[in-house]
Amino acid sequence: QIAKAIAKFPNLTLSLEANLKPHLQWMSGLGMDCSQIAKAIARHPQVLAYSLEANLKPKAQLLCERGFTNAEIASTLAKAPQLFGLISKRLAHRTSLLQAQGLLTETSLRSAMVMSDAKFAARFE
């Protein structure tokens, strides 16, 4: 399943040592099971090319600071891995507003992050 997903993106250059192993270990360390990892990669293979240190870990840490458990971060990554590729400033701003209003959940996060800036502002600011 993972190989098929990666094969759909021939421009995605991945190394077993530099990308696959560290990413799979990190995902597993979050508590993701094999099924969740496969689901995340099948949905958005590019997640394997995201920098662990500059992208994935800081965004997971931000969600942790906003009250997400590792299980919730793992679930979000499995269901919507593309969120981890979005601009950090946008994620921080939107999670902050949702949290301040008592609305921050996995579901609200996924919905809010795909909204246009205008629609988000009209609904939450």
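Is the crossing of α5 and α7 right-handed or left-handed? The crossing of these two helices, α5 and α7, is right-handed, where right-handed means that the near helix is turned clockwise from the far one by less than a right angle, and left-handed that it is turned anticlockwise. The structure is a predicted model, in which local features need pLDDT of at least 70 and side-chain atom pairs count only at pLDDT 80 or more, while totals for chains, interfaces and linings use all residues. Residues are numbered from 1 along each chain as its sequence is written, and side-chain values use heavy atoms, with hydrogens and water left out.

The protein chain holds eight helices and zero strands; helices (H or I, at least four residues) and strands (E, at least two) are DSSP runs, numbered from the N terminus. Read from that terminus, the order of elements is α-α-α-α-α-α-α-α. Of the 125 residues in the chain, 40% are buried, buried being under 20% relative accessible area, exposed over 50%, and partly exposed in between, with a 1.4 Å probe and protein chains only. Among contacts with a separation of 6 or more, 68% come from residues 24 or more positions apart, a contact being heavy atoms within 4.5 Å.

The largest nonpolar core comprises 32 residues, and Trp-26, Met-32, Val-47, Leu-77 and Leu-109 have the most contacts inside it. Such a core is a set of buried Ala, Val, Leu, Ile, Met, Phe, Trp, Tyr and Cys residues joined through side-chain atoms within 4.5 Å. At least two residues of this core are supplied by each of α2 (16-30), α3 (34-43), α4 (52-65), α5, α6 (88-100), α7 and α8 (117-124). The most is given by α4, with five residues. Met-32 is in contact with Met-27, Ile-37, Ala-40, Ala-74, Leu-77 and Ala-78, its neighbours within four places in sequence being left aside.

Two of the helix pairs involve α5. The axes of α3 and α5 come within 7 Å and cross at roughly 40°; axes are lines fitted to C-alpha atoms, for helices over the stretch in contact, and angles run from 0 to 180 degrees between N-to-C directions. The two helices, α3 and α5, are therefore oblique to each other, since angles under 35 degrees count as roughly parallel, over 145 as roughly antiparallel, 65 to 115 as roughly perpendicular and the rest as oblique. On the α3 side, Gln-36, Lys-39, Ala-40 and Arg-43 meet Ala-74, Ser-75, Leu-77, Ala-78 and Lys-79 of α5. By class, this contact of α3 with α5 has four nonpolar, two polar and three charged residues; Ala, Val, Leu, Ile, Met, Phe, Trp, Tyr, Cys and Pro count as nonpolar, Asp, Glu, Lys and Arg as charged, and the others, Gly among them, as polar.

Helix α5 (residues 70-79) also packs with helix α7 (residues 106-114), at an angle of about 40° and with the axes 10 Å apart. That angle makes α5 oblique to α7. Here Glu-72, Ser-75, Thr-76 and Lys-79 of α5 meet Glu-106, Leu-109 and Arg-110 of α7. The residues of this contact divide into one nonpolar, two polar and four charged.

A further pair joins α6 and α8, whose axes come within 11 Å and cross at roughly 20°. Helices α6 and α8 are therefore roughly parallel to each other, and their crossing is left-handed. Arg-90, His-93, Arg-94, Leu-97 and Leu-98 in α6 meet Asp-117, Phe-120 and Phe-124 in α8. The classes in this contact of α6 with α8 are four nonpolar, one polar and three charged residues.

Leu-103, in the loop between α6 and α7, is partly exposed, at a relative accessible area of 37%. Beyond residues up to four places away in sequence, Leu-103 touches Leu-98, Ser-108 and Phe-124.

Within helix α6 itself, Ala-92 is partly exposed, with a relative accessible area of 24%. Ala-92 touches Leu-62 and Arg-66, not counting residues up to four places away in sequence.
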